[in-house]
Amino acid sequence: MVSYEMNCELCKRFDKTKGNKYRYMKHFLSYVEDAIKENWNKPALTNYGANTLNYSDVAINISKLHIIFEQCGIKKGDHIAICAKSSAEWCVTFLAIASYE
């Protein structure tokens, strides 16, 4: 089981500046956001030999997960664990967790 904190410990380690803890994750997420906008109808993630998600599917699923997080009372800084095999859905879930505010 892999646990990802909403405040991303990895980002904190790489960020040497005080008061700007999330700078690197926000930078990464801006690349993801740009890729989604520029490639809306193109394939983004695939499960080998099975389904493929377009960038639009990724964006829609991230939005749905954000709604679920909100309805469950999850707030920024809460811990969320992903316990699943490597898959396109795992990637979408990770991006939803990382981008949730």
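Student: Which residues touch the most other members of the largest nonpolar core?

Tutor: Of the 19 residues in that core, V58, I62, F69, V92 and L95 touch the most other members. The model is predicted, so local features need pLDDT of at least 70 and side-chain atom pairs count only at pLDDT 80 or more, while totals for chains, interfaces and linings use all residues. Residues are numbered from 1 along each chain as its sequence is written, and side-chain values use heavy atoms, with hydrogens and water left out.

Student: What makes a set of residues a nonpolar core?

Tutor: The set must consist of buried Ala, Val, Leu, Ile, Met, Phe, Trp, Tyr and Cys residues joined through side-chain atoms within 4.5 Å. In soluble globular proteins, nonpolar side chains tend to be buried together.

Student: Which residues does V58 touch, not counting residues up to four places away in sequence?

Tutor: V58 touches I36, A44, L45, L53, V92 and L95. A contact means heavy atoms within 4.5 Å.

Student: Why is Y100 called buried?

Tutor: Buried means under 20% relative accessible area, exposed over 50%, and partly exposed in between (1.4 Å probe, protein chains only). Y100 has a relative accessible area of 9%, and therefore it is buried. Y100 is placed in the segment after α4. Its C-alpha atom is 7.0 Å from that of K76, although Y100 and K76 are 24 residues apart in sequence.

Student: Is E33 buried, exposed or partly exposed, and why?

Tutor: E33 has 43% relative accessibility, so it counts as partly exposed. E33 lies in helix α2. The C-alpha atoms of E33 and Y55 are separated by 9.8 Å.

Student: Which residues line the second largest pocket?

Tutor: The lining consists of K26, L29, S30, V32, E33, I36, A59, I62, L95 and S99. A pocket is an open set of points on a 1 Å grid over the protein atoms alone, where a 1.4 Å probe fits, with protein on both sides within 12 Å along at least five of seven lines; lining residues have an atom within 4 Å of a point. The largest share of this lining, six residues, comes from α2.

Student: How is the lining of the second largest pocket divided by class?

Tutor: The lining has six nonpolar, two polar and two charged residues. Ala, Val, Leu, Ile, Met, Phe, Trp, Tyr, Cys and Pro count as nonpolar, Asp, Glu, Lys and Arg as charged, and the others, Gly among them, as polar.

Terms used
Helices (H or I, at least four residues) and strands (E, at least two) are DSSP runs, numbered from the N terminus.
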